[in-house]
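Hi,

Here's the structure I said I'd pass on. Have a look at it first, then read my notes below.

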Amino acid sequence: MTFIFLTSVSILGINVTLIMGWLTFAIGYAMQEILGNMFGSVMLVTNPRFAIGDIVEVLGDVKVFGTIEAINVRNSIIKWFDSRTTIIPNMKMMKTPFKTFKREEIVRYTLNINISREADIEKVKKIIIQAVNKHEYAIQKDYTDVIVSKF
């Protein structure tokens, strides 16, 4: 159909090269994000620093801390430790800095929690430690600790 259209336009005396140039530009512009995500997925899958199942912390404007659940052609799926799921386009994932905890013996994570002044701090610490130790990634449960840095 395209060949017939271009031949007809050429017979009418219209410059086909100009139409082809604009058509190529429009298709390239429209496919920019799709191709970027596809190449991003190839880069993510072939990167030896992380793989599906690794714990990562994505920094930048998208703050995510969880496990890489899947890397698709268009996006990466990261599951938080509280079972929420975040889908990040691969192009954005490639541009955003992130930390991997694949080779770390100890994973430290800073979490800001607001509690009332009347709360029992030791009880709150105990509840947080129990919640962390319920997770499958807490291997050495005896070493789980909570540090209170400020009130």
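Two strands count as paired if DSSP finds at least two bridges between them. Strands (E, at least two residues) and helices (H or I, at least four) are DSSP runs, numbered from the N terminus.

Before we dig in: this is a predicted model, where local features need pLDDT of at least 70 and side-chain atom pairs count only at pLDDT 80 or more, while totals for chains, interfaces and linings use all residues. Residues are numbered from 1 along each chain as its sequence is written, and side-chain values use heavy atoms, with hydrogens and water left out.

Strand 1 (residues 55–58) and strand 2 (residues 64–71) run antiparallel and share four bridges.

In that pair, Ile55 sits opposite Thr67 of strand 2. Is Thr67 buried or exposed? Thr67 is buried, because its relative accessible area is 12% (buried means under 20%, exposed over 50%, partly exposed in between, with a 1.4 Å probe and protein chains only). Leaving aside neighbours within four places in sequence, Thr67 is in contact (heavy atoms within 4.5 Å) with residues including Ile55, Ile77, Phe81 and Tyr137.

One more thing, the helices. The contact between helix 1 (residues 2–11) and helix 2 (residues 16–46) is made by Leu6, Val9 and Ser10 on helix 1 and Val16, Ile19 and Met20 on helix 2.

Cheers

Note on methods: Axes fitted to C-alpha atoms, helices over the stretch in contact; angles between N-to-C directions.
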